[in-house]
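Biologist: I would like to go through this structure with you, strand by strand and then core by core. Could you begin with the term we will need for neighbouring residues?

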Amino acid sequence: MSKPLKVVAVSGALHKPSKTDALVEAIVSELSVALPIEVQFVKLSDIAPQLANVVSRTDLPTHIYAQIQAIEVADFLVVGSPVYRGSYTGLFKHFFDFVDHESLIDTPILLAATGGSERHALVIDHQLRPLFSFFQSLTLPIGVYGTDKDFTDYRINNDALQNRIELAVNRALPWLLQPDPRKQAVLRQPFLAQL
């Protein structure tokens, strides 16, 4: 790669410290071993008080608007959320409601989540994946889910979870090393017109 990949890592955790923050940071760390990246972290715990009362994109505080814009132009997103009552939080959804609905078309996204037990592991496929399907994003096939027992003092303590992170990043690399899929789509249009 000639220039670093623009990565935005979003953690939907509402508290600090957070297992979700730790998981998202571990994924980004693994990615940085494989590729040159420029990373920007967006942590809802940092912006929750200012975000909660905003109902229009034009009313967003400047620093939150800048984070939304960073997401809209990212080459790759790592998005993680804690599970509450079987889903991501309302504030997590509220944040993504401000993202332009066409800005993430074909953007690859690695999904992650944390929960109290393994019974919430399907949150990635049943909640997060449909949200980003609306944006027409490329949600990568392998997500990463961690439970409370996978962490000690907000650090990953489970080799199986670390192996899952490594697998998810390795499977993401072909999507990240190819030319921009949006440009590829433009190149394919003349061919599609002939069909």
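Modeller: Contact here means that heavy atoms lie within 4.5 Å. Please keep in mind that this is a predicted model.

Biologist: Is Pro82 buried or exposed?

Modeller: The cut-off to apply is a relative accessible area under 20% for a buried residue. Pro82 has a relative accessibility of 9%, and therefore it counts as buried.

Biologist: In which sense do β1 and β2 pair?

Modeller: Strand β2 covers residues 37–43, and within it Lys43 stands opposite Ser11. The chain reaches β2 from β1 through helix α1, residues 19–34, in a right-handed β-α-β crossover. Over seven bridges, the sense in which β1 and β2 pair is parallel.

Biologist: Which residue in β3 is the bridge partner of Val10?

Modeller: β1 is mostly covered, with six of its seven residues buried. β1 and β3 pair in the parallel sense over five bridges, and in β3 the bridge partner of Val10 is Val79.

Biologist: Which element gives the most to the largest nonpolar core?

Modeller: That core has 35 residues, of which Leu51, Ile71, Val79, Phe95, Phe96 and Phe132 touch the most other members. The elements that give two or more residues to this core include β1, β3, α4 and α5. With five residues, the element that gives the most is α5.

Biologist: Which residues does Phe95 touch, not counting those up to four places away in sequence?

Modeller: Phe95 is one of the residues that touch the most other members of the largest nonpolar core. Beyond four places in sequence, Phe95 touches Val42, Leu44, Ile47, Leu51, Ile64, Ile68 and Ile71.

Biologist: How many residues does the second, separate core have?

Modeller: Among the members of this second core are Leu110, Val144, Phe151 and Leu161.

Biologist: Is Thr147 buried or exposed?

Modeller: Thr147 is found in strand β6, residues 144–147, and, leaving aside neighbours within four places in sequence, Thr147 is in contact with Gly115, Gly116, Ser117 and Glu118. Because its relative accessible area is 4%, Thr147 is buried.

Methods: Residues are numbered from 1 along each chain as its sequence is written. This is a predicted model: local features need pLDDT of at least 70, side-chain atom pairs count only at pLDDT 80 or more; totals for chains, interfaces and linings use all residues. Side-chain values use heavy atoms; hydrogens and water are left out. Helices (H or I, at least four residues) and strands (E, at least two) are DSSP runs, numbered from the N terminus. Buried means under 20% relative accessible area, exposed over 50%, partly exposed in between (1.4 Å probe, protein chains only). A nonpolar core is a set of buried Ala, Val, Leu, Ile, Met, Phe, Trp, Tyr and Cys residues joined through side-chain atoms within 4.5 Å. Two strands pair if DSSP finds at least two bridges between them. A crossover is right-handed if, with the strands pointing away from the viewer, the path from the first strand over the helix to the second runs clockwise.
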